[in-house]
Amino acid sequence: MYINWDVTIRFDPNSVLPSTQHGIPVPSYGNYGGPNYSAGEEGGRTPEFGTADYLAHPPKDDLDQLFYAHDLVYQHLRDGTATVLQTFDADAKLLEGMYALTQSEPALFANDPEALLYEGFATLGILGKIETTPGESEYLQTTLPPAEQQLFAAAAIQSFETGLTETPGNESRSLHGALHVFEAHFGDLLLA
C-alpha cells in the first residue's frame with residue numbers, strides 16, 4: 001500500500017552499492033523508507049519531529065516510523081551532531097524494530113503484503129550494509145550478535161518471499177532479482 005514503485009533508486013548487483021544509472025531498481029516506502037529517500041523525496045532532508053516539514057511528511061505507518069527514526073540519525077550525522085557509531089546503533093535499532101513489528105503486529109502485514117515485502121527487503125539491505133561497512137560488524141558484535149542477525153535474516157527471507165507471493169502486479173519482479181543478489185553476496189550470513 002505504501003511502496004512507491006515509481007520512486008526508485010538503483011543498486012549495483014556486483015557491489016550492492018547505490019547506482020545512478022544501471023542496476024536493480026529499488027522502490028521507496030512511505031515517506032522515509034529507502035536509501036537516499038527521506039521526507040517523501042530522493043535526496044530529501046529528514047525533518048525534526050514536530051516541525052512543519054515533519055507535519056507535512058509524517059510517517060505513513062509503524063514501519064515508516066522506524067525508517068524515520070533511522071533517517072533522523074543519519075541526517076544528524078550529515079549535520080555534524082551524530083557520530084558514525086550512532087549510525088551503527090541506528091542500524092541495529094532498525095533491524096530490531098522491524099523484527100519486533102513483524103512479530104507484534106501481524107495485522108499490519110496481513111492487510112498489506114507490500115509492507116511485509118519491503119520489511120524483508122529492508123532487513124536484508126541493512127544486514128548487507130552492516131557486513132560491508134568497515135568496523136560496523138565488529139562494533140555491533142555485543143549489541144547485535146551473529147545469531148541474532150541470522151534470526152533477522154531468516155525472518156526477513158520469509159517476509160520477503162511471502163510478500164512477493166502476495167503482492168499483486170508485476171512491480172515486485174525487480175525485487176525478486178534483488179533476493180538472489182543478497183543470497184550471492186551474503187549467503188554465509190543468510191544461510192548460517
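Let me begin with a definition: a residue is called buried when its relative accessible area is under 20%, exposed when it is over 50%, and partly exposed in between, using a 1.4 Å probe and protein chains only. By that rule H70, at 12% relative accessibility, counts as buried.

The model is predicted, so local features need pLDDT of at least 70 and side-chain atom pairs count only at pLDDT 80 or more, while totals for chains, interfaces and linings use all residues. Residues are numbered from 1 along each chain as its sequence is written, and side-chain values use heavy atoms, with hydrogens and water left out.

Now to the overall layout. The protein contains eight helices and five strands; here helices are DSSP runs of H or I with at least four residues, strands are runs of E with at least two, and both are numbered from the N terminus. Along the sequence the pattern reads β-β-β-β-β-α-α-α-α-α-α-α-α. Of the 192 residues, 45% count as buried. As for contacts, meaning heavy atoms within 4.5 Å, 64% of those between residues at least 6 apart in sequence join residues at least 24 apart.

N36 lies in the loop between β3 (24–29) and β4 (37–38), and A39 is placed in the loop between β4 and β5 (41–42). For background, most residues other than glycine have a negative phi. Are these residues buried or exposed? N36 is exposed, with a relative accessible area of 57%, whereas A39 is buried, at 6%.

Let us return to H70, which belongs to helix α2 (residues 62–79). Leaving aside neighbours within four places in sequence, H70 is in contact with A90, D91, L94 and I126. Two of the names in that list, D91 and L94, will come back as part of helix α3, and I126 as part of α5.

The rest of this talk concerns helix α5. This helix covers residues 113–132, 20 residues in all, and reaches 29 Å from its first C-alpha to its last. That is close to the 28 Å expected at 1.5 Å a residue, where the expected span is 1.5 Å times one less than the number of residues. How many residues of α5 are buried? The number is 16 of 20, and α5 is therefore described as mostly covered.

One partner of α5 is helix α3 (residues 84–104). Their axes come within 10 Å and cross at roughly 155°; axes are lines fitted to C-alpha atoms, for helices over the stretch in contact, and angles run from 0 to 180 degrees between N-to-C directions. The two helices are therefore roughly antiparallel, given that angles under 35 degrees count as roughly parallel, over 145 as roughly antiparallel, 65 to 115 as roughly perpendicular and the rest as oblique. D91, L94, L95, M98 and T102 of α3 make the contact with E119, A122, T123, I126, L127, K129 and I130 of α5. By class, this contact has seven nonpolar, two polar and three charged residues; Ala, Val, Leu, Ile, Met, Phe, Trp, Tyr, Cys and Pro count as nonpolar, Asp, Glu, Lys and Arg as charged, and the others, Gly among them, as polar.

Another partner is helix α7 (residues 146–166). The axes of α5 and α7 are 7 Å apart, and the helices pack at an angle of about 145°. Residues of α5 in this contact include P113, L116, F121 and L124, and those of α7 include Q149, F152, A156 and F160. The contact has 13 nonpolar, six polar and three charged residues. Helix α7 has 21 residues and reaches 30 Å, close to the 30 Å expected.

Finally, T133 lies in the loop between α5 and α6 (136–139) and is partly exposed, at 21%.
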